[in-house]
Amino acid sequence: MSDVERKRNVLNVKQKLEILQKLDNGESASTDAEDILNEGNTVSHSGALQFVKTLLVYMGQRGFDYGDITAVRKICFDIRQEMNKQQKQRRVKDFLKQ
């Protein structure tokens, strides 16, 4: 496993009570809990790309269907496109600052 340090997110008492009240009222609270726990958490594009590449290797070793592998490759392509787009935006921003 990599040396990436993970921050553990825990719901506070107020958040837990709100979710329990929703459950008592028959509402679904799973997305609320996920939203609260994911606030402020971001995955870098390079981290996501590395994960997807590892997934592709695993899928290749396990003999996954070609269509599934193609779908994962599309995810790699999309991540790279987004990385390039953001890099271009940073370059333009840096150029304009000068």
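Modeller: The protein has four helices and zero strands. Helices are DSSP runs of H or I, at least four residues, and strands are E runs of at least two, numbered from the N terminus. This is a predicted model: local features need pLDDT of at least 70, side-chain atom pairs count only at pLDDT 80 or more, and totals for chains, interfaces and linings use all residues. Residues are numbered from 1 along each chain as its sequence is written, and side-chain values use heavy atoms, with hydrogens and water left out.

Biologist: What makes up the largest nonpolar core?

Modeller: Eight residues: Leu 49, Val 52, Leu 56, Met 59, Ile 69, Val 72, Cys 76 and Ile 79. A nonpolar core is a set of buried Ala, Val, Leu, Ile, Met, Phe, Trp, Tyr and Cys residues joined through side-chain atoms within 4.5 Å. Buried means under 20% relative accessible area, exposed over 50%, partly exposed in between (1.4 Å probe, protein chains only).

Biologist: Which residues does Ile 79 touch?

Modeller: His 45, Ala 48, Leu 49 and Val 52, leaving out residues up to four places away in sequence. Contact means heavy atoms within 4.5 Å.

Biologist: New topic. How much of the protein is buried?

Modeller: 14% of its 98 residues count as buried.

Biologist: And Phe 51, buried or exposed?

Modeller: Exposed, because its relative accessibility is 56%. Phe 51 lies in helix H3.
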